[in-house]
Amino acid sequence: MQLDMIDKITRFGTGIMLGAFAVIILTTTFSTADWVATLGKVMYWVIICIALLSLCVWGVRSRISGRKENE
């Protein structure tokens with residue numbers, strides 16, 4: 001149950017991260033307006049936050065997996 005939820009969180013975060021990369025690539029390809037720089041910075045921080053969340057989730061998952069192996 002817990003591992004299934006952790007896997008869903010990880011997949012969701014990966015999707016958000018890929019979407020943020022796509023937004024950065026698409027907006028910077030077609031425009032150089034000021035709002036593109038702002039949006040790019042926001043998407044950069046989204047990617048950083050998701051990466052940190054993924055590290056935390058990975059740590060929790062490894063602890064849960066370690067407990068199940070020991071039982």
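Arg-61 and Asp-7 form a salt bridge in which the closest N and O atoms are 3.0 Å apart, a salt bridge being a side-chain nitrogen of Lys or Arg within 4 Å of a carboxyl oxygen of Asp or Glu. Arg-61 belongs to helix H2 (residues 34–70) and Asp-7 to helix H1, so the pair ties together parts that are 54 residues apart in sequence. Helices are DSSP runs of H or I with at least four residues, numbered from the N terminus. The model is predicted: local features need pLDDT of at least 70 and side-chain atom pairs count only at pLDDT 80 or more, whereas totals for chains, interfaces and linings use all residues. Residues are numbered from 1 along each chain as its sequence is written, and side-chain values use heavy atoms, with hydrogens and water left out.

In total, the structure holds 2 salt bridges. One of them joins the side chains of Lys-8 and Asp-4 at 3.7 Å, N to O. These residues are 4 apart in helix H1, and therefore about one helical turn separates them. Lys-8 is partly exposed, with a relative accessible area of 46%, and Asp-4 is likewise partly exposed, at 42%.

Helix H1, which spans residues 2–30, has 29 residues and reaches 42 Å from its first C-alpha to its last. This span is close to the expected 42 Å at 1.5 Å a residue, the expectation being 1.5 Å times one less than the number of residues. Buried positions in H1 are Leu-3, Ile-6, Gly-13, Ala-20 and Thr-27. Thr-27 has a relative accessibility of 14%, and its side chain reaches the backbone oxygen of Val-23 at 2.7 Å.

Met-5, also a residue of helix H1, is exposed at 52% relative accessible area. Together with Ile-9 and Leu-53, Met-5 forms a nonpolar patch on the surface with about 260 Å² of accessible area. Patches are made of residues with over 30% relative accessible area and no salt bridge, where like charges are joined within 9 Å and nonpolar side chains (Val, Leu, Ile, Met, Phe, Trp, Tyr) within 5 Å. Accessible areas come from the Shrake-Rupley method with a 1.4 Å probe, and for residues only the protein chains shown count as cover.

Aromatic pairing was also examined. Rings of Phe, Tyr and Trp (its six-membered ring) pair if their centres lie within 6.5 Å; planes under 30 degrees apart count as stacked, over 60 as edge-to-face and the rest as tilted. By this rule the count is 1 aromatic pair. Tyr-44 and Trp-45 form this edge-to-face pair, with 5.2 Å centre to centre and 80° between the planes. Tyr-44 is partly exposed at 43% relative accessibility, whereas Trp-45 is exposed at 52%.

Definitions and conventions:
Buried means under 20% relative accessible area, exposed over 50%, partly exposed in between (1.4 Å probe, protein chains only). Helices (H or I, at least four residues) and strands (E, at least two) are DSSP runs, numbered from the N terminus. A polar contact is a pair of N or O atoms within 3.5 Å; within protein, one must be able to donate a hydrogen and the other to accept it, and residues adjacent in sequence count only if both atoms are side-chain atoms.
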